[in-house]
Amino acid sequence: MNHKLTVVIIEDEKNICTFMETTLENHGYKAVSAGTGKDGLSCITSLCPDIVLLDLGLPDIDGIDIIKKVREFSAVPILVISARSEESQKVAALDAGADDYITKPFGTSELLARIRTALRHSQIPASGVSASPSVYQCGDLCIDFEKRLVNLAGNQIHLTQIEYKLVSLLARNAGKVLTYDFMINHIWGPYADNNNQILRVNMAHIRRKIEENPADPKYISTEIGVGYRMKEGISANSSSLWPEEENT
Ligand code: CA
């Protein structure tokens, strides 16, 4: 049986909605759209979709409130569609339980890639133990989580304990944006100073060690005002990696 993945689109801008619907239908998804938050919530309840695309600026209900409402009963991946200038909104959406966001205007390949990433992450059990890969590889960068080793083009990179924790946190969530607060909390604990300075300093050190050009990073990108995102690579459960498919 050919079961199509269902996507619920909650977006009041008709042209963006049509673009997403057409793109998704053309790529084998079943797309259902709603122009208001109220209709969107009822679509989610009745259809139990595989993923939700959510515009934050809706005419009736605030997008953040929709995320909170959905999270009361469902763990469905939520991909937020936001305008460029809404950094604080993006952070609020991620903190409320959204999985990722995509910034308008966006192209077809970016939309599809974000959807695939969110779907993949949603299939990892909450404990993350059994499905947790032991190796991450992207281009010349290779991280062996079991041996706690980081290699760049075959050469071992020496990272401090904190730097390694940051790199492995990002690599285990590759493709997904991690907010500054999430990272600080995860590495330094809930009582850490919510000042991003220590994080920025460590990230700068990491970039000097793993990036060819730290000003134009290849592996870890900065999502301005939100956090960091590691490029999606190949994650494997054994150290025998198959050849990498180049993204050309
Ligand atoms: Ca809107």
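The radius of gyration is taken over C-alpha atoms, and the globule rule is 2.2 Å times the number of residues to the power 0.38. With 248 residues, a compact globule would have a radius of gyration near 18 Å, and the value of 19 Å for the protein chain agrees with this. The structure is a predicted model, in which local features need pLDDT of at least 70 and side-chain atom pairs count only at pLDDT 80 or more, whereas totals for chains, interfaces and linings use all residues. Residues are numbered from 1 along each chain as its sequence is written, and side-chain values use heavy atoms, with hydrogens and water left out.

Along the principal axes, the C-alpha atoms of the protein chain fill a box of roughly 55 × 45 × 35 Å. The chain has eight helices and 13 strands; helices (H or I, at least four residues) and strands (E, at least two) are DSSP runs, numbered from the N terminus. Of the 248 residues, 45% are buried, where buried means under 20% relative accessible area, exposed over 50%, and partly exposed in between (1.4 Å probe, protein chains only). The accessible surface of the protein chain comes to about 12900 Å², with 50% belonging to carbon and sulfur atoms; accessible areas come from the Shrake-Rupley method with a 1.4 Å probe, and for residues only the protein chains shown count as cover. Among contacts (heavy atoms within 4.5 Å) with a separation of 6 or more, 59% are between residues 24 or more positions apart.

A calcium ion is coordinated by Asp12 (OD), Asp55 (OD) and Gly57 (O), at 2.2 to 2.4 Å. Donors are N, O and S atoms within 2.8 Å of the metal (3.2 Å for Na, K and Ca); water is not among the atoms, so sites may look incomplete. Along the chain, the donors of the calcium ion follow the spacing D-x42-D-x1-G. Asp55 is buried, with a relative accessible area of 5%, whereas Gly57 is partly exposed at 46%.

Salt bridges, defined by a side-chain nitrogen of Lys or Arg within 4 Å of a carboxyl oxygen of Asp or Glu, number twelve. One of them joins the side chains of Arg71 and Asp99, at 3.0 Å from N to O. Arg71 lies in helix H3 (residues 63-71) and Asp99 in the loop between helix H4 (87-96) and strand S5 (100-103), so this pair ties together parts that are 28 residues apart in sequence. Arg71 is partly exposed, at 26% relative accessibility, while Asp99 is buried at 16%.

A further salt bridge links Arg114 to Asp100, with an N to O distance of 3.6 Å. Because Arg114 belongs to helix H5 (residues 108-122) and Asp100 to strand S5, the pair ties together parts that are 14 residues apart in sequence. Both partners are buried, Arg114 at 16% relative accessibility and Asp100 at 3%. Glu223 and Arg229 also form a salt bridge, their closest N and O atoms being 3.2 Å apart, and both of these residues are buried. Through shared partners, salt bridges join Asp100, Glu110, Arg114, Glu223 and Arg229 into one network.

Helix H5 also contains Thr117, which is buried with a relative accessible area of 6%. Leaving aside neighbours within four places in sequence, Thr117 is in contact with Ala174, Gly175, Lys176 and Glu232. In helix H4, the buried residues include Lys90, Val91, Ala93, Leu94 and Ala96. Their cover includes H3, strand S4 (78-82), S5 and strand S10 (177-179). Gly97, with a positive phi near 120°, follows H4.

In soluble globular proteins, nonpolar side chains tend to be buried together. A nonpolar core is a set of buried Ala, Val, Leu, Ile, Met, Phe, Trp, Tyr and Cys residues joined through side-chain atoms within 4.5 Å. The largest such core has 29 residues, and those with the most contacts inside it are Tyr136, Ile143, Met183, Met203, Ile220 and Met230. Elements that each supply at least two residues of this core include strand S6 (135-138), strand S7 (141-144), helix H6 (161-172), helix H8 (197-210) and strand S12 (227-230). Helix H6 gives the most to this core, with six residues. Apart from it lies another core, of 26 residues, among them Val8, Leu41, Cys43 and Ala98.
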